[in-house]
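I opened the notebook to go through two chains and the surface they share. The entries follow the order in which I looked things up.

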2 protein chains.
Amino acid sequence: MDVVCVGSGNVATHLAMALKAAGIRLIQVWSHTFANAVKLAADLEAEAIADISEITVDADFYIISVKDDAIAAVCEAMPAVKGIVVHTSGITPAEALSRFINHGVFYPLQTFSKRRTLDFKHVPLCLEAGNTVIMDTLKAVALKLGSPAYEIDGGQRRILHLSAAFACNFVNHLYALGDLILGENGLDFDLIRPLIMETADKVSAYRPLEAQTGPAVRGDEKTMAAHLEMLKDRPELAQIYQMLSNSIKKSQG
Amino acid sequence: MDVVCVGSGNVATHLAMALKAAGIRLIQVWSHTFANAVKLAADLEAEAIADISEITVDADFYIISVKDDAIAAVCEAMPAVKGIVVHTSGITPAEALSRFINHGVFYPLQTFSKRRTLDFKHVPLCLEAGNTVIMDTLKAVALKLGSPAYEIDGGQRRILHLSAAFACNFVNHLYALGDLILGENGLDFDLIRPLIMETADKVSAYRPLEAQTGPAVRGDEKTMAAHLEMLKDRPELAQIYQMLSNSIKKSQG
């Protein structure tokens, strides 16, 4: 199987490198920024493409992993290839690729950072395809990567993407706010790293509603008032504190 | 060293069991609810005490691990013991124990759930004491437990406690909201468990500000608008979404 990688961001890079590691041949890389294509192509032992219209029509699998806003323009500019074309977006419909006879979605439900290596066995792949032949190919690729694979339609995928905003993006921001509060008081983030790991690890065994701890779920108004008093010079943090505490109280009702 | 455990909640139970496992003798357990004292005492091979005034004056170490609101009343009711008396609260000043000649704070910066076992090497202990003799004893106990120990004054401890509300209590609630969104759409929480683990694991190596991903940090207004549209029947969740997205945008500025 010959693969073309369209894009060179976090997802494109991780996915392409994992495919290569799984013994799949990457033949071309295109990126909006040619220098990035050159860099990733070198790592993949593939060819860097400057002009998107020069993408080969002979590959078996094309992965479009660019910003959601750029998917339409990228599709327009690509040649009308016959191989399977997938995008990796959580929010863009599969129909965005309808220009290609064989298309689907290959959405990795994970958070990627360039500097961090990630074992694809911890990357659930949400697959969508118009027919079983394409779906079977997507599943075969997932199997090569060692990833758990799920058939997920476009509506479900958007729900997963939204849920991930809460359970990943917003969660990381709360870590950042915790770090900010510590740093302003000369305390090291290391102190709460074990707490962060245990909080995540707990919900590997329990549902989060059962795992809830802290003053809001105990109805400990005195502690909440003390916390809010400590945040009196940080009205934005106080507002977040109040809103999430209220939400905890309601969710346990 | 003979230890008395005052309280039978999550923290009291985990701490007392860990002390026992470390070869330290628990001799008495008191609890507001006698049945709970009986149960924990049985596990500890200690004596359950119904009347708090009957706590022995001969122990070396007394751990008060009750609700913050109850600490003052518990102290009043206890005999004026000479051994070291500590509480385990993140928010209560050490001075709350000033009735006892030898007192301090033994605050475990971790989230405890009764059904979950926890290795105390992952429980940072925040220690406070009025003199070095008491501090040395607290450190010796921490060492027995295998826990990292930090000398933390009352002001710092309150900051840690507040930071933990963000990085643990609120984080778990965001997991719960993610789970809620999935459940209402017939999707399983299992799908986002790997994402949750990776999000936490990432900040074991990086600072959360560097690790931030998602539409808010990318300035992807279209995706945020799509998410908010999906939340149009859940105004509370939409409000949390909007507030945390705005906060992410600001924090990266």
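Predicted model: local features only at pLDDT ≥ 70, side-chain atom pairs only at ≥ 80, totals over all residues.

**Entry 1: the interface**

How much area do chain B and chain A bury between them? I got about 9,000 Å², with 67% of it on carbon and sulfur atoms. I then asked which residues of chain B lose the most area to chain A. They are Arg116(B), Phe166(B) and Leu195(B), and together they make up 8% of what that side buries. For contacts, I noted 88 residues of chain B against 88 residues of chain A.

The rule finds 10 salt bridges across the interface of chain B and chain A. I looked up one pair, Arg207(A) with Asp179(B), whose side chains meet at 2.8 Å, N to O.

Which elements of chain B give two or more residues to the side that touches chain A? My list reads α5 (154–184), α6 (193–202), α7 (208–211), α8 (215–218), α9 (221–230) and α10 (235–251) of chain B. The most comes from α5(B), which gives 25 residues. I sorted the residues on that side of chain B by type and wrote down 48 nonpolar, 23 polar and 17 charged.

**Entry 2: the sheet in chain B**

I moved on to the strands. Chain B has an open sheet of 8 strands, ordered β3-β2-β1-β4-β5-β6-β7-β8, and the pairing is mixed. At the edges I found β3 (47–49) and β8 (149–151) of chain B, each pairing on one side only. From one strand to the next, the twist averages 25 degrees.

I checked one pairing inside the sheet: β1 (residues 2–6) and β4 (residues 61–64) of chain B run parallel and are joined by 4 bridges. Val3(B) has Phe61(B) in β4(B) as its bridge partner.

Then I looked at what packs on the strands. Helix α2 (residues 34–44) of chain B lies across β1, β2 (25–30) and β3 of chain B, and runs at about 165 degrees to β3(B). Helix α4 (residues 132–145) of chain B packs on the sheet too, touching β4, β5 (84–87), β6 (103–108), β7 (125–129) and β8 of chain B. I put the direction of α4(B) at about 160 degrees to that of β7(B).

**Entry 3: a salt bridge within chain B**

Over all chains, the count of salt bridges comes to 30. One I looked up joins the side chains of Glu151(B) and Lys139(B) at 2.7 Å, N to O. Where do the two residues sit? Glu151(B) is in strand β8 of chain B and Lys139(B) in helix α4 of chain B, 12 residues apart.

**Entry 4: the sheet in chain A**

For chain A I wrote down an open sheet of 8 strands with mixed pairing, in the order β3-β2-β1-β4-β5-β6-β7-β8. Its edge strands, β3 (47–49) and β8 (149–151) of chain A, each have a single partner strand, so one side of each is left without a neighbour in the sheet. Neighbouring strands here are turned by 25 degrees against each other on average, direction ignored.

Val85(A) stands opposite His103(A) in β6(A).

Technical notes. Residues numbered from 1 in each chain as written. Chains lettered and ligands numbered in written order. Heavy atoms only, no water. Contact = heavy atoms within 4.5 Å. Buried area = accessible area lost by both parts, 1.4 Å probe. Salt bridge = Lys/Arg side-chain N within 4 Å of Asp/Glu carboxyl O. Nonpolar A, V, L, I, M, F, W, Y, C, P; charged D, E, K, R; others polar. Pairing = 2+ DSSP bridges. Axes fitted to C-alpha atoms, helices over the stretch in contact; angles between N-to-C directions.
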